[in-house]
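Subject: Structure for you to look at

Hello,

Here is the structure I promised to pass on. Please open it next to this email and follow along.

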Amino acid sequence: MKERVAEFLRQKRKIVDEALADMAELNESVPSALKEAMHYSLFAGGKRLRPILTLTTAEALSAPAQTVIPAACAIEMIHTYSLIHDDLPAMDDDDTRRGRPTNHKVFGEAMAI
């Protein structure tokens, strides 16, 4: 049973990660430095439970998961944003998150904000 759950989560996480990668590249007008900072935190790892729950809820309600992908990704992006801001010097002033330097340590506080 544990293996089935792990495989289910792995498959859903792959769907979410692919959709996030596509969405992160959509707007060419975003400066490359900002894209790099966003990508650094958005793909720093994580379980992706929030978007997976969104996809799973849609499926449980007989809606195709693809119809909620944008909302699922938005939820994950907002979560990532909240972690970046939580790590800022004026908040928790964390130096690392998930074993890596925090966004403001790598890209500067202004970029993180």
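**Start with Arg48**

Arg48 is buried, with a relative accessible area of 4%. Here buried means under 20% relative accessible area, exposed means over 50%, and partly exposed lies in between (1.4 Å probe, protein chains only).

Two notes before we go on. This is a predicted model, in which local features need pLDDT of at least 70 and side-chain atom pairs count only at pLDDT 80 or more, while totals for chains, interfaces and linings use all residues. Residues are numbered from 1 along each chain as its sequence is written, and side-chain values use heavy atoms, with hydrogens and water left out.

**Salt bridges**

Side chains of opposite charge can pair when their charged atoms come close. A salt bridge here is a side-chain nitrogen of Lys or Arg within 4 Å of a carboxyl oxygen of Asp or Glu. The whole structure has 8 of them.

Which residue does Arg48 pair with at 2.6 Å? The partner is Asp17, and that distance is between the closest N and O atoms. Arg48 sits in the loop between helix 2 and helix 3, and Asp17 in helix 1, so the pair ties together parts that are 31 residues apart in sequence. Helices (H or I, at least four residues) and strands (E, at least two) are DSSP runs, numbered from the N terminus. Asp17 counts as partly exposed, at 26% relative accessibility.

Arg48 also forms a salt bridge with Glu76 (2.9 Å, N to O). Glu76 lies in helix 4 and Arg48 in the loop between helix 2 and helix 3, so this pair ties together parts that are 28 residues apart in sequence. Are Arg48 and Glu76 buried or exposed? Both are buried. Salt bridges with shared partners join Asp17, Arg48 and Glu76 into one network.

Now look at Glu7 and Arg10. They form a salt bridge, with the closest N and O atoms 2.7 Å apart. Both residues lie in helix 1, 3 residues apart, which is about one turn of the helix. Glu7 is partly exposed at 31% relative accessibility. Arg10 is partly exposed too, with a relative accessible area of 40%.

**The nonpolar core**

In soluble globular proteins, nonpolar side chains tend to be buried together. A nonpolar core is a set of buried Ala, Val, Leu, Ile, Met, Phe, Trp, Tyr and Cys residues joined through side-chain atoms within 4.5 Å. The largest one has 11 residues, among them Val16, Leu20, Leu42, Leu55 and Ile69. Helix 1 (2-24), helix 3 (49-60) and helix 4 each supply at least two residues of this core.

Leu42 is worth a click. Contact means heavy atoms within 4.5 Å. Leaving aside neighbours within four places in sequence, Leu42 is in contact with Leu20, Arg48, Glu76, Met77 and Thr80.

**Cavities and a pocket**

These come from a 1 Å grid over the protein atoms alone: a cavity is a set of points where a 1.4 Å probe fits but cannot get out, a pocket is an open set with protein on both sides within 12 Å along at least five of seven lines, and lining residues have an atom within 4 Å of a point. Grid points are joined across faces, edges and corners, and a volume is the space filled by probe spheres set on the points.

How many cavities of 30 Å³ or more does the structure hold? There are 2.

- The largest cavity has a volume of about 120 Å³. Its lining has 13 residues, and Ser41, Ala44, Asp87, Arg97 and Asn103 lie nearest its centre. Helix 4 gives the largest share of this lining, 4 residues.
- The second largest cavity holds about 30 Å³ of space. Ala24, Glu25, Lys35, Met38 and His39 line the second largest cavity. Helix 2 gives the largest share of that lining, 3 residues.
- The largest pocket has a volume of about 240 Å³. It is lined by 14 residues, with Met38, Met77, Thr80, Tyr81 and Ile84 nearest its centre. Helix 2, helix 4 and helix 6 (109-112) each give two or more residues to this lining.

His39 is in helix 2. His39 is partly exposed, with a relative accessible area of 43%. His39 and Ala21 are 18 residues apart in sequence and 8.4 Å apart in space, C-alpha to C-alpha.

Best wishes
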